[in-house]
Amino acid sequence: MSTTPDTPILQEGDKGPAVLRLQGRLHDLGYLKSKPDGFFGTITDDAVTDFQEARKLAADGVVGPATWAALQPPAKAVPPAAKPATGPSFANWLVNIAKRDVGKVESPRNNQGAWIKRFWPSTSYPDGYSNREPYCAAAMAFWLDTVGDELAKAGLLESLTGMNAEQFEKWRCKSAGAWAWQAWAKKAKGVTVLPDSATPQKGDIVVFDFSHIGLVTGVPAKGRVATIEANTGPAGERDGDGCWEKNRPQEVARCFLRFNFA
């Protein structure tokens, strides 16, 4: 950057509008604590030197082209053009399928009920229902199985996932164990394993620290995650009597699994 009338070489003892602009920028960046007054005194010199040292410039207190260039605010990024409206997304379809089970409760006993029984054929452990096993991951397997079936019938499966029905069936996770979903996702095409600190998105699968699994529906507040979970209760408990929408602290998440589909 070359010097101009607006960005002349400045040093201690100078004064005027250019000094005022310099001080304003240093003040905005936190280097100048006093109010800009248009005079390049000792306080301004110290602020300039501190700024130059932080930016690995020659810390001589002289504001030349290199220092002026470093003081310029970054150019505003041009927002990407809005994407044209498209049909239903994989994430929305999956969440809508899971919502159909919200509010259903076990009957007549723990881990039993016709709506729960239909989960287990979608897993690699079909005897899980008769053995009254926990069913949070079985529900997830069923929801994923169902989204594949419904997208295929709608003629959308290949366009959204790049797989036909047979390929999708081989690809999807069939585990009835929550933590096994993380291991599946590490090898599965089109799935990214994100750390517990990541910002979750609607349609992500959340694997919890306490061997439980749910489907993300949103982020209600910083550090919180809204979910649909089976084999849980309506409050904050780990286990429960049905399928409920939950609002949990993100700190209990082990990881998030994100489908890289449209």
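Okay, let's start with Thr-67: leaving out residues up to four places away in sequence, Thr-67 touches Phe-51, Gln-52, Leu-57 and Val-62. Contact here means heavy atoms within 4.5 Å.

Quick background. What you see is a predicted model, where local features need pLDDT of at least 70 and side-chain atom pairs count only at pLDDT 80 or more, while totals for chains, interfaces and linings use all residues. Residues are numbered from 1 along each chain as its sequence is written, and side-chain values use heavy atoms, with hydrogens and water left out.

Back to Thr-67, which sits in helix 3, residues 65-71. Helices are DSSP runs of H or I with at least four residues, strands are E runs of at least two, and the numbering goes from the N terminus. So is Thr-67 buried or exposed? Thr-67 counts as buried, because its relative accessibility is 5%. The cut-offs are under 20% relative accessible area for buried, over 50% for exposed, and partly exposed in between, with a 1.4 Å probe and protein chains only.

Now, salt bridges. In general, side chains of opposite charge can pair when their charged atoms come close. The rule here wants a side-chain nitrogen of Lys or Arg within 4 Å of a carboxyl oxygen of Asp or Glu. How many salt bridges does that rule give? The count comes to eight.

One of them joins Arg-118 and Asp-101, at 2.8 Å from N to O. Arg-118 is in the loop between helix 5 and helix 6 (136-153), and Asp-101 is in the loop between helix 4 (90-99) and helix 5, so this pair ties together parts 17 residues apart in sequence. Asp-101 is buried at 0% relative accessibility, whereas Arg-118 is partly exposed at 31%.

Next, helix 8, residues 165-171. Glu-166 and Lys-170 both lie there, four residues apart, about one turn of the helix. Their salt bridge has its closest N and O atoms 3.7 Å apart, and both residues are exposed. Arg-172 and Glu-169 also form a salt bridge, at 2.9 Å from N to O. Arg-172 is buried, at 4% relative accessibility, while Glu-169 is partly exposed, at 33%.

Last stop: Ala-114, in helix 5, residues 114-117. Ala-114 is exposed, with a relative accessible area of 67%.
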